[in-house]
Amino acid sequence: MVPIHDDNPIQIDPWVTKILIAVNIVVFAIEVVVATQPEQLEQFFHAWAFVPCHLTDTCPPTIPASTFNNPVWLTLITSQFLHGGIGHIAGNMLYLSIFGNNVEECLGHIKFLIFYIACGVLAALAQGFFSPTSVIPTLGASGAIAGVLGAYLIRFPRAKLLILPFFPLPIPIRIPAFFFLVFWFILQFVNGVASFNLQISTGEEVGGVAYWAHAGGFIFGAFLGSMMGLFTSPQRRRRE
């Protein structure tokens with residue numbers, strides 16, 4: 001299922017959401033330029049993406065310390081603006097554009113930015129917790145956006161979403177946000193458990209989607225959003 005739009009109007013200019021989308025697109029454009037030299041792109045990702053073994057100091061000798069040009073705390077932030085391909089960034093920016101503006105209206109511009117970055121950091125750490133020795137760079141806005149989804153779920157569970165299902169027919173339908181977002185979270189959690197079990201049983205590192213970053217970001221977003229005032233927006237309460 002792919003979300004297309006939500007029936008949840010706002011009365012602010014969500015300029016933080018717009019800036020985040022713009023920054024992601026600009027950084028991806030830089031990646032495209034760097035990608036003309038595959039070796040440079042790999043170095044670029046190791047320098048700016050979050051690599052769990054760098055945090056736990058367990059990287060193998062094949063990856064010397066000189067590979068990591070930036071401190072771990074910085075990569076926890078910069079990794080949120082990197083993406084692995086056009087489909088990766090397109091999907092993330094679609095979700096951010098649909099769900100980010102409403103959460104931004106509730107939290108306020110500055111608190112939303114802090115919330116977004118914090119969710120991304122916590123999501124990356126969640127992925128690192130389950131794969132502490134991983135040498136695979138963790139990158140993408142998915143963890144931070146998952147936090148936005150978690151906040152949206154607890155604040156607007158009855159908001160209607162226009163989605164495009166792939167089965168049985170690709171015909172747009174409207175469903176409550178609760179059903180879509182809970183299904184999304186369950187899918188991330190189940191896939192995270194499956195990948196973790198596969199890693200344990202085979203002893204080999206499993207690459208691909210950072211499911212634990214998604215599930216962790218979602219949970220952190222629900223709690224952090226509530227703590228930061230998700231339900232205390234005077235303007236939004238008056239309209240509702």
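## Asn101 in helix 5

Asn101 touches Ile10, Ile12, Pro14, Thr17 and Leu96, leaving out residues up to four places away in sequence. Contact here means heavy atoms within 4.5 Å. Asn101 is found in helix 5. Helices are DSSP runs of H or I with at least four residues, numbered from the N terminus. With a relative accessible area of 15%, Asn101 is buried. Buried means under 20% relative accessible area, exposed over 50%, and partly exposed in between, with a 1.4 Å probe and protein chains only.

## Basis of the model

This is a predicted model, in which local features need pLDDT of at least 70 and side-chain atom pairs count only at pLDDT 80 or more, while totals for chains, interfaces and linings use all residues. Residues are numbered from 1 along each chain as its sequence is written, and side-chain values use heavy atoms, with hydrogens and water left out.

## Helix 1

Helix 1 covers residues 15-34. Its 20 residues should span 28 Å at 1.5 Å a residue, and its end C-alpha atoms are 29 Å apart, which agrees. The expected span is 1.5 Å times one less than the number of residues.

Which residues of helix 1 are buried? They are Val16, Thr17, Leu20, Ile21, Asn24, Val27, Phe28, Glu31 and Val34. Seen down the helix axis, the buried residues fall within an arc of 140 degrees, so they line one face of helix 1. The arc is taken from the directions from the helix axis to the C-beta atoms. An α-helix has 3.6 residues a turn, so residues three or four places apart point the same way. The cover over these buried residues includes helix 2 (38-48), helix 5 (86-107) and helix 6 (109-130). Thr17, one of the buried residues of helix 1, is also among the contacts of Asn101.

## Helix 6 against helix 7

Helix 6 and helix 7 (residues 142-155) pack at an angle of about 115 degrees, and their axes are 7 Å apart. Axes are lines fitted to C-alpha atoms, for helices over the stretch in contact, and angles run from 0 to 180 degrees between N-to-C directions. The crossing is right-handed. That means the near helix is turned clockwise from the far one by less than a right angle.

From helix 6, Phe112, Phe115, Tyr116, Cys119, Gly120 and Ala123 meet Gly143, Ala144, Ile145, Gly147, Val148 and Ala151 of helix 7. By class, this contact has nine nonpolar, three polar and no charged residues. Ala, Val, Leu, Ile, Met, Phe, Trp, Tyr, Cys and Pro count as nonpolar, Asp, Glu, Lys and Arg as charged, and the others, Gly among them, as polar.

Ala222 sits in helix 9 (residues 211-227). Beyond its neighbours within four places in sequence, Ala222 is in contact with Gly147, Gly150, Ala151 and Ile154. Ala222 counts as buried at 15% relative accessibility.

Asp57 lies in the loop between helix 3 (52-56) and helix 4 (72-78). Its phi is positive, about 55 degrees, although Asp57 is not a glycine. At 70% relative accessibility, Asp57 counts as exposed.

Ile136 is in the loop between helix 6 and helix 7. Its relative accessible area is 32%, partly exposed. Ile136 and Val51 are 85 residues apart in sequence, yet 6.1 Å apart C-alpha to C-alpha. Phe179, in helix 8 (residues 177-202), is exposed at 53%.

Terms used:
Helices (H or I, at least four residues) and strands (E, at least two) are DSSP runs, numbered from the N terminus.
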